[in-house]
Amino acid sequence: MLTVAEVDPFDERAFGDWYDALRAGAAADREAPVISTLEALTFSLRNPGERLRRLAVAATQNGETVGAMLFELPLVDDLSNVMVEIDVPPAHRRKGVATALWAWAAERAAAEQRSIFQTEINIPSGFDLHSWPGAAFATKLGFASENTEDHFVTPLPFDPATISLLKANTSALASYRLISWAGQCPEEHLQKYADLHTAMNQDVPTGGLSREASAWDAERVRTNDARLVENYLPLVTMAQTLEGEPAGYTLMYVQLGDRANVLQDDTLVMRDHRGHNLGTHLKLANLDQLAVHHDSPGWIHTWTAESNGPMQKVNARFGFRVVEQMHEFELTSPATAGH
Ligand SMILES: CC(C)(COP(=O)(O)OP(=O)(O)OC[C@H]1O[C@@H](n2cnc3c(N)ncnc32)[C@H](O)[C@@H]1OP(=O)(O)O)[C@@H](O)C(=O)NCCC(=O)NCCS
């Protein structure tokens, strides 16, 4: 019999089986998947933060874990939303495992009075919304793709010839100062870094997704960084005008448990400061930091909306190529909407 139940993150064996199923389902048929490490998920679920409740849910049959779901409830913003990730290893597909996990999610969301479901689905180049299992499954449930970003990779170590060429061809930075750090944000930069995060949330395209642009303050940066450094080394470069006004930043994560996959996360240049090659300068300075802190072979991953012309151009200059499309799907459940 197929049963679906929450997994205790302190039960090492059950949680390990849950993670193995999640990973096998999420990685199948993808060239360059990015999947949170077991260490990162163990830490996160054993030490819940104040902003997000995360539950591990497993589908089991005859003592074997045949499917995994990560079920997430935002606790501060987006209080009508639920994020789900459902992964079924290829050997157990098309037997109703994901449908059973989804039924658990729908029931729990209704109990929590939440009606908006979101999920990320990565579609490798060569597949589309009809031929990729995740998209076919989500579409059958009534989800629609509301936002799309290209997922790019470039190999590590980074090609030194590309860096030299970019440095030689990018005009010098006259009216800005770059400040870089590795690890937690230094106290003296907390407020400016928080303001840049707030601007990023307001600026980043989210298509038709129901998502609030939440604000950051110094305390949120401090708390967030303190959790992050348990499993990631953040590498940050921030740009300021000579008068000290924040102009932009870029952020990369080295995953401590998976050094082969480095994540190029946010890059923002504030509207008033665009057109001065700041995006390229920020990324070059952060790659210099990466060279100091990381020497394993692997990939740098980054995600950019197709419509984001300037960032697409910067990515191309740095030698990134597209491996898949990351779709953010959403469904508003008529059963619970309006409660
Ligand atoms: C998507 C996924 C979770 C489906 O798991 P599953 O256990 O095979 O799903 P189910 O057996 O419950 O399928 C339910 C329905 O979804 C649709 N579906 C699932 N896989 C499909 C596929 N490969 N092609 C077309 N339709 C598909 C079908 O309508 C299916 O019903 P049917 O088998 O009666 O035709 C699994 O393929 C997977 O782990 N993919 C990678 C992770 C992912 O993309 N997850 C996205 C959801 S959050």
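Is asparagine 62 buried or exposed? I looked this up first, and asparagine 62 is exposed, with a relative accessible area of 73%.

**Ground rules**

I'm working with a predicted model, where local features need pLDDT of at least 70 and side-chain atom pairs count only at pLDDT 80 or more, while totals for chains, interfaces and linings use all residues. Residues are numbered from 1 along each chain as its sequence is written, and side-chain values use heavy atoms, with hydrogens and water left out.

I went back to asparagine 62 and found it in the loop between β2 and β3. (Helices are DSSP runs of H or I with at least four residues, strands are runs of E with at least two, and both are numbered from the N terminus.) Its phi is near 50°, which is a positive value in a residue other than glycine.

I found aspartate 78 in the loop between β3 and β4. Aspartate 78 counts as buried because its relative accessible area is 14%.

Then I checked a proline: the peptide bond from leucine 156 to proline 157 is cis, with omega near 0°. Proline 157 sits in the loop between β6 (144-156) and α5 (160-169).

**Around the ligand**

How many residues surround the ligand? I got 18, and the closest are Ile86, Val88, Arg94, Gly96 and Thr99. Being near here means that a heavy atom of the residue lies within 4 Å of the molecule.

Next I went through the polar contacts, meaning pairs of N or O atoms within 3.5 Å (within protein, one must be able to donate a hydrogen and the other to accept it, and residues adjacent in sequence count only if both atoms are side-chain atoms). A backbone N or O atom of glycine 96 lies 2.8 Å from a ligand oxygen. For alanine 98, a polar backbone atom is 3.0 Å from an oxygen of the ligand. Threonine 99 uses its side chain: an N or O atom there is 2.5 Å from a ligand oxygen.

I noted the cover too: the protein covers 79% of the 900 Å² of accessible area that the ligand has on its own. As for where the shell comes from, β4 (81-87), α3 (97-111), β5 (116-124) and α4 (133-141) each give two or more residues. The largest share, five residues, comes from α4.

**Buried things**

Aspartate 87 lies in strand β4. I put it down as buried because its relative accessible area is 8%. Leaving aside neighbours within four places in sequence, its contacts (heavy atoms within 4.5 Å) include Ala21, Leu22 and Gly67. The C-alpha atoms of aspartate 87 and alanine 24 are 7.7 Å apart, though 63 residues separate the two along the chain.

In helix α2 (residues 38-46), I found Ala40, Leu41, Thr42, Ser44 and Leu45 buried. Their cover includes α1 (12-27), β2 (52-61), β3 (64-74), α7 and β8.

Asparagine 231 lies in the loop between α7 (218-228) and β8 (232-241). Among the residues it touches, beyond those up to four places away in sequence, are Glu39, Ala40 and Phe43.

Methods
Accessible areas come from the Shrake-Rupley method with a 1.4 Å probe; for residues, only the protein chains shown count as cover. Buried means under 20% relative accessible area, exposed over 50%, partly exposed in between (1.4 Å probe, protein chains only).
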